Structures are given as C-alpha cells and as structure tokens.
There are 2 protein chains.
Amino acid sequence: MSGEGVSVAEQFKAAFREHPAGIALITATTPEGPVGLTASSVASVGLDPVALTFSVTRATGSAGALLSADTFLVHLLDARQLAVAEQFAVSGGERFTEAQGWETLPTGEPHLPGVRAALRCRAIQVTPVGASSAVIAEVLDVIEGDSGEALIYIDRAFRVLP
Amino acid sequence: MSGEGVSVAEQFKAAFREHPAGIALITATTPEGPVGLTASSVASVGLDPVALTFSVTRATGSAGALLSADTFLVHLLDARQLAVAEQFAVSGGERFTEAQGWETLPTGEPHLPGVRAALRCRAIQVTPVGASSAVIAEVLDVIEGDSGEALIYIDRAFRVLP
C-alpha cells in the first residue's frame, strides 16, 4: 500500500499535516526558569478522573524540562492568542516577554491571562515512544476565561475559524 | 479557582467542547462484524516508530470491540465525509451501509474509499483511565487519497474550513 520509494513515515507525516487540530500552549516552571511549548495533540480522555493526553518530542529542551516539572498548565488557545502561538511555535521565538502579559499562579506555573481556559495538570503516565513521549495527565484545576474565535493548526499554519 | 458549585469535571468539559479538533473514523472487523466510531482525539506521536494516539470511552460496545481487534483502520476525514461522520457519531446512526461505499481491505479491516488518508494500525499500549482508554498505536500502512476541505469538530458540531 506504500507508494514507490515513499516510506510509511513520509506518508503519515503528509497525512497528519492536513489533519486539523486545536492548539495549546503548555507551560511549567523549572529550576532554569519558565518553559513553554505549543502542542496540537492535546485531547480530552475522560471526566473521572478528569484527564487529557498530549505528545511531545523530547528533541527540544523545553519538552524535557516540562516533563520533569511536578505540575504544568495547559492553555487552550484561540484566535486572540495567535501571535503568542506563533512566537512559541518557532525555534528562537519571543517567549515569556512582558508584552505577552505573563503572570505566575500561586501554585507556581506561568499563566497567560485572557485565554479561554487554562488547565493545571499533573502527569500520571509518560510513555516513551521513540524520540517522543505520550503523556496522560490528570487535571487538577481549571481557570476559565471568555471565548474567542477558534484557532486551528493545519498544513503547518494557523487559521481562524470565524 | 473553581467557580461556586461547578466541578472541575464540568469546567473541563465546557473548555474542551470549544477546543477544535479534526475528526477520524476508526474501524475494525470483529467476530460480530464491522465496528466503527468517530474520534476527535487522534493525534500524531512521532515518526520512529510511526505512531499515533487516541482515546475512547469504553461505555460504548464499539470501543470495546475495537480494542479487542488485532488491527484497525484510522480514516482521517474531511468535508467530503461529513454525512458519514454524522452517521457514525450518533447512537443508532446508519453504519456500514451500501450507500456509504465500504470495502474490505485484503488485511480484513473495513475501508471507506475516498478519504484523504487511512492508517492501518496496531495498538502498542492501551491504558485504562477511569471509564476511558488511552491508546498508543503503531501505524503499519498508509492508504493515501486526495485532499478535501478540512472538517472540524467543535462545540458538538461539524464545521467545514474552506
């Protein structure tokens, strides 16, 4: 079923590039300071316990630091956070700047005010899968905000769903 | 951080309802016949091994049967499959009808021709999380098709991203 000379990995990558996804910004405080990364893989697992999943590639320093933190904050982004999403999605982008408006929660995690929802989580299972890790996390608290237009990640770009 | 009288579970459910997602139709052949369910939680994990994740609630018979199958087929849907997505997303909807155009792969899985991509998978880890299961699956083969307009699941409805 594979095309000539095209690996399953290449076909899979091309297929998922066009699979639309919401975007989250996951942050944590580490001994080296705040870390954050965007994830298009955040999904709900269930309500009892309240749990979600996501995957990260351990190739980036941010992911390793994030996975070593006791708790982290999953911000569900919308169109109002398009600029921040772009800044965190690229290597060397602006992160945790004053202009972005970060606060620190009483529990220690970096929090971006104004997002629709921020979910404070603790990992309950981290499974290495090659160079990536698949994470199952329990949701401890939800910080609710107002809704904005949906932000979609597709074809390696951000789109707004009006 | 929780509102008065509103549980973390209720806040989480409301937050994820507005988190946009692509939609997949996962099928398998079981001793009782073909089973299929829609999933908004399918996400790529990595390329080596080629792997993806998704979650299902075991409350439905389809999910239990699917998880007991040796292999299954993850169809990444687009706007051309809107009707089929709706039929599989509701309890008692039309499934595996002649009008939907199902075929059976030489390897045995029910295949919906005309989708952008169908990924033949084998579960490598199934983790019970309350009444749900979080699945990590290796991708064995990819059947590629043409692209259509993106289909988004948000706020318990399907939307097309032109």
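Which residue is the bridge partner of B:Ala21 in β11(B)? I will come back to that after the overall arrangement.

First, the ground rules. This is a predicted model, in which local features need pLDDT of at least 70, side-chain atom pairs count only at pLDDT 80 or more, and totals for chains, interfaces and linings use all residues. Residues are numbered from 1 along each chain as its sequence is written, while chains are lettered from A and ligands numbered from 1 in the order in which they are written.

Start with the two copies. The same surface serves both copies, since 100% of the contact residues of chain A recur in chain B.

Now the interface. Chain A puts in 50 residues and chain B puts in 50 residues, where contact means that C-beta atoms, placed from the backbone, lie within 7 Å. On the side of chain A that touches chain B, the elements giving two or more residues include α1 (8-17), β9 (117-129) and β10 (132-144) of chain A. Helices (H or I, at least four residues) and strands (E, at least two) are DSSP runs, numbered from the N terminus. The largest share of that side, eight residues, comes from β10(A). By class, the side of chain A that touches chain B holds 28 nonpolar, 15 polar and seven charged residues. For that count, Ala, Val, Leu, Ile, Met, Phe, Trp, Tyr, Cys and Pro are nonpolar, Asp, Glu, Lys and Arg are charged, and the others, Gly among them, are polar.

Next, the sheets. In chain A, seven strands make an open sheet in the order β3-β2-β6-β9-β10-β5-β4, with antiparallel pairing; strands pair if DSSP finds at least two bridges between them. Its edge strands, each pairing on one side only, are β3 (33-39) and β4 of chain A. From one strand to the next the twist averages 30 degrees. Inside this sheet, β5(A) and β10(A) pair in the antiparallel sense over seven bridges, and A:Ala51 has A:Glu138 as its bridge partner in β10(A).

Helices pack on this sheet from both chains. Helix α2 (residues 61-68) of chain A touches β2, β3, β5, β6, β9 and β10 of chain A, and its direction makes about 110 degrees with that of β3(A). Helix α1 (residues 8-17) of chain B lies across β4, β5, β6, β9 and β10 of chain A, at about 110 degrees to β10(A). These angles run from 0 to 180 degrees between N-to-C directions, with axes as lines fitted to C-alpha atoms, for helices over the stretch in contact.

Chain B also has an open sheet of seven strands, in the order β3-β2-β6-β9-β10-β5-β4 with antiparallel pairing. One of its edge strands is β4 (43-47) of chain B. B:Ala43 is found in that strand. With 25 C-beta neighbours inside 10 Å, B:Ala43 counts as buried; the cut-off for buried is 20 or more other C-beta atoms within 10 Å, against 12 or fewer for exposed and in between for partly exposed, with C-beta atoms placed from the backbone. Leaving aside neighbours within four places in sequence, the contacts of B:Ala43 include A:Ala21, A:Ala43 and B:Leu52. The C-alpha atoms of B:Ala43 and B:Phe54, eleven residues apart along the chain, are separated by 6.5 Å.

A word on the core. In soluble globular proteins, nonpolar side chains tend to be buried together. Here the largest nonpolar core has 94 residues, and those touching the most other members include A:Val74 and B:Val74. Such a core is a set of buried Ala, Val, Leu, Ile, Met, Phe, Trp, Tyr and Cys residues joined through C-beta atoms within 7 Å. Not counting residues up to four places away in sequence, A:Val74 touches A:Ala24, A:Ile26 and A:Cys121, among others.

Back to the opening question. The bridge partner of B:Ala21 in β11(B) is B:Tyr153. Strand β1 (residues 21-22) of chain B and β11(B) run antiparallel, joined by two bridges. The hairpin of β11(B) and β12(B) has two residues between the strands, and B:Asp155 in the turn has a positive phi of about 55 degrees. Four of the five residues of β11 (residues 150-154) of chain B are buried, so this strand is largely enclosed by the rest of the structure.

Notes. Contact = placed C-beta atoms within 7 Å.
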